[in-house]
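Work through the following exercises with the sequence and the model side by side. Each task is followed by a solution in steps.

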Amino acid sequence: MYISAIHRPMQHSVTPVISEYMVNFNSSRGVITMTDGSDGPDGGTGPLPFGAWPFDIDEDSGLPAASQEFVDPPNLQLIPDKAVISYKPTVPSTYMKYVRALSMFLPDSSAHATCNPATKFGYASGCPCVIITFTGNPKEWAPLPYLPMLIPTTIKDVYVDSHLPLTCEGKTNADKRILGSVVVTPSAGFLSDDLVNSFVTVQMMSPVENVSIRIVCFTWAANIDHSRSEGRINFTVKIKGSAKH
């Protein structure tokens, strides 16, 4: 027995599992239908009767819970709340507004080794941090884990099914070359069971100076479709000069 589905497309053609039943995310947004793989009355595969569905019936709609429309994943929020972060490490007045915004969210210097108020969140050293969290009410949505054989290569080394991973990279190949390494903490990402309070820090360790670097960050789950601009956030960083010189 398996589930065939009318769902929005998934970027990685993933096939997540609901209980022991398979769900294919491979077409436009819609609802789940179930078949048992056998021939229907006309020789085709027919839907299972509601009583045979291995899901509870929704009390409000009277439909199987599995047939409800999917909720879009929550939007990501950047702290500091700026689409462009531009500053000069040798001039504190150019970056203290960013440090203040980050300190309001993460005031405890012992909470993070390098992204904290004591280090000025890396801005003074030319290795700036940002914090990424969620907007709206993430309680209405839950990330669907990947099947082990379908975990995308990008997150394979950090993936834990209890977390929602986040990756950041340059938007284009040129941006990737000038961005350098990026450290996401915790490396596994957001805690799936507590998205309301969960956050990650992103630190750019060696960005090239005096150029605008476009950065895009992605969250990863089987029910996030990057082609629909879900689970992503964009921002630009430009560091003028360096405190190291």
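The model is predicted, with local features needing pLDDT of at least 70 and side-chain atom pairs counting only at pLDDT 80 or more, while totals for chains, interfaces and linings use all residues. Residues are numbered from 1 along each chain as its sequence is written, and side-chain values use heavy atoms, leaving out hydrogens and water.

**Exercise 1. State how many helices and strands the protein has, and what share of its residues is buried.**

Step 1. There are two helices and 15 strands; these are DSSP runs numbered from the N terminus, helices being H or I with at least four residues and strands E with at least two.
Step 2. Of the 245 residues, 42% count as buried (under 20% relative accessible area; exposed is over 50%, partly exposed in between, with a 1.4 Å probe and protein chains only).
Step 3. Among contacts (heavy atoms within 4.5 Å) with a separation of 6 or more, 62% join residues 24 or more positions apart.

**Exercise 2. Give the strand order of the open sheet of four strands and place the helix that packs on the sheet.**

Step 1. The order is β6-β8-β13-β11, with antiparallel pairing; two strands pair if DSSP finds at least two bridges between them.
Step 2. β6 (76-79) and β11 (182-185) are the edge strands, each pairing on one side only.
Step 3. On average, and ignoring direction, neighbouring strands of this sheet are turned by 25 degrees against each other (axes are lines fitted to C-alpha atoms, for helices over the stretch in contact, and angles run from 0 to 180 degrees between N-to-C directions).
Step 4. Inside the sheet, β8 (residues 129-134) pairs with β13 (residues 200-204) over four bridges in the antiparallel sense, and I131 stands opposite T201 in β13.
Step 5. Helix α1 (residues 96-105) packs on the sheet and touches β6 and β8, its direction making about 45 degrees with that of β8.

**Exercise 3. Which residues of α1 are buried, and what do they pack against?**

Step 1. The buried residues of α1 are Y98, V99 and L102.
Step 2. These residues lie on the same side of α1 because they cover an arc of only 95 degrees around the axis, the arc being that of the directions from the helix axis to the C-beta atoms.
Step 3. Their packing partners are β6, β7 (84-87) and β8.

**Exercise 4. Is I85 buried or exposed, and which strand pairs with β7 in the parallel sense?**

Step 1. I85 is found in β7 and counts as buried, since its relative accessibility is 1%.
Step 2. The covered face of β7 holds I85 and Y87, the uncovered one V84 and S86.
Step 3. β7 pairs in the parallel sense with β15 (residues 232-239) over four bridges, where K238 is the bridge partner of S86.
Step 4. Beyond its neighbours within four places in sequence, I85 has contacts that include Y98, V130 and K238.

**Exercise 5. Locate P117 and list its contacts.**

Step 1. P117 sits in the loop between α1 and β8 and is partly exposed, with a relative accessible area of 22%.
Step 2. Neighbours within four places in sequence aside, P117 is in contact with S103, L106, P107, D108 and S109.
Step 3. The C-alpha atoms of P117 and L106 are separated by 7.8 Å.

**Exercise 6. Which element gives the largest share of the lining of the largest pocket?**

Step 1. β10 gives the largest share, four residues.
Step 2. Of the 17 lining residues, L166, T167, C168, V182 and V184 are the closest to the centre of the largest pocket.

Terms used. On a 1 Å grid over the protein atoms alone, a cavity is a set of points where a 1.4 Å probe fits but cannot get out, and a pocket is an open set with protein on both sides within 12 Å along at least five of seven lines; lining residues have an atom within 4 Å of a point.
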